[in-house]
Amino acid sequence: MISNLETPLYKAAASTFEDLAMMFPSRELDELQQVAPTETGVCVRFAGPFAGRLEVHLTTALLPTLAANMLGDDEATDESVARDALGELANVICGNVLPAIAGSKEVFHLSAPAHLVPGAVDPSGLPLAARAQLGLDEGRAEIRLFVAGEPG
Amino acid sequence: MAFNILVVDDSAVMRAMIIKTLRLSGVPVGDVFQAANGEEGLQVLRDRWVDLVLLDINMPVMTGEEMIRHMRASAETSAIPVIVVSTESSDTRVSAIRKMGAEFVHKPFPPELLRETIHRITGTSHDQQSGDSALQGSSLDF
């Protein structure tokens with residue numbers, strides 16, 4: 001992993017959870033959060049000066065809250081809507097972290113968010129460049145950035 | 001005057017968030033149409049009267065940039081104001097979008113920014129609008 005990528009990754013993720021989903025993360029995880037599973041995952045692939053993918057893994061029990069907050073609708077508990085909400089959140093994190101790493105003049109192309117099958121192994125075999133964890137209520141989010149080559 | 005607005009984004013959640021923000025913003029909204037990509041968006045423009053287009057950039061089938069090019073090339077749609085609402089942060093790409101006559105709003109955005117951008121691009125003023133008070137006290141950021 002590349003340690004200097006973890007701070008921009010955490011900042012982009014935390015501000016996106018706050019601004020988009022009105023969920024306020026903590027950097028330090030309590031005991032409950034540390035053991036909370038992150039069964040739901042989405043992935044956004046990107047290409048540009050360097051290529052890779054960003055994954056967001058979330059405790060599934062947080063999905064309804066995430067969707068309801070993003071839509072401002074307490075009834076927004078439909079699972080497909082909630083997964084779409086998580087995908088959009090991943091898209092915004094990815095769109096904000098890449099210029100923080102590469103600079104604002106570089107152009108990246110982002111793919112549509114894709115849902116991850118639990119336990120599936122990505123065939124690209126890209127190395128993990130950075131990882132950030134966010135404590136959220138009684139769960140957590142884990143953000144993983146995989147990069148081909150040396151970013152920045 | 002109420003604006004008929006077309007929202008083009010491949011995420012149904014983001015379309016819903018943008019429409020909710022529009023309604024919070026105090027901008028007079030008439031009919032709201034939705035499309036999931038640029039091609040669908042152009043079809044809506046052929047079928048409906050639209051005063052303002054809000055669109056994403058990265059979409060399957062046809063991107064937002066391609067849709068703007070098609071709009072600018074057609075006499076019927078060349079003058080319709082366009083606001084790009086995107087996570088795009090590249091100065092190079094944002095500059096290219098502005099050169100096509102579109103405004104740019106970065107995701108996530110507060111409702112006030114969307115309202116100000118709509119006023120600027122449509123040439124309307126806050127005084128002309130009713131419901132500006134809907135924003136007062138609002139702290140939602142999208």
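## Two helices crossing in chain A

Helix axes here are lines fitted to C-alpha atoms over the stretch in contact, and angles run from 0 to 180 degrees between N-to-C directions. With that in hand, let's look at this predicted model. In chain A, the axes of helix H3 (residues 63–71) and helix H4 (residues 79–102) come within 9 Å and cross at roughly 75 degrees. Angles of 65 to 115 degrees count as roughly perpendicular, so H3(A) is roughly perpendicular to H4(A).

Which residues make this contact? H3(A) brings Leu63(A), Pro64(A), Leu66(A), Ala67(A) and Met70(A), while H4(A) brings Val81(A), Ala82(A), Ala85(A) and Leu86(A). By type, the contact has 9 nonpolar residues, with no polar and no charged ones.

## The two sides of H2(B)

Now over to chain B, where helix H2 spans residues 38–47 and has Gly38(B), Gly41(B), Leu42(B) and Leu45(B) as its buried residues. These cover an arc of only 100 degrees around the axis, so they sit on the same side of H2(B). An α-helix has 3.6 residues a turn, so residues three or four places apart point the same way.

Among the elements covering the buried residues of H2(B) are strands E1 (3–8), E2 (29–35) and E3 (52–55) and helix H3 (64–73) of chain B. On the other side of H2(B), you will find Gln43(B), Arg46(B) and Asp47(B) exposed.

## Where the chains meet

The contact between the chains takes 24 residues from chain A and 21 residues from chain B. On the chain B side, helix H1 (12–24) and helix H4 (91–99) are the elements that give two or more residues. H1(B) gives the most, with 6 residues. The chain B side divides into 8 nonpolar, 6 polar and 7 charged residues.

Key: Residues numbered from 1 in each chain as written. Chains lettered and ligands numbered in written order. Predicted model: local features only at pLDDT ≥ 70, side-chain atom pairs only at ≥ 80, totals over all residues. Contact = placed C-beta atoms within 7 Å. Helix = DSSP H or I, 4+ residues; strand = E, 2+ residues; numbered from the N terminus. Nonpolar A, V, L, I, M, F, W, Y, C, P; charged D, E, K, R; others polar. Parallel < 35°, antiparallel > 145°, perpendicular 65-115°, else oblique. Buried ≥ 20, exposed ≤ 12 C-beta atoms within 10 Å, placed from the backbone. Arc of directions from axis to C-beta.
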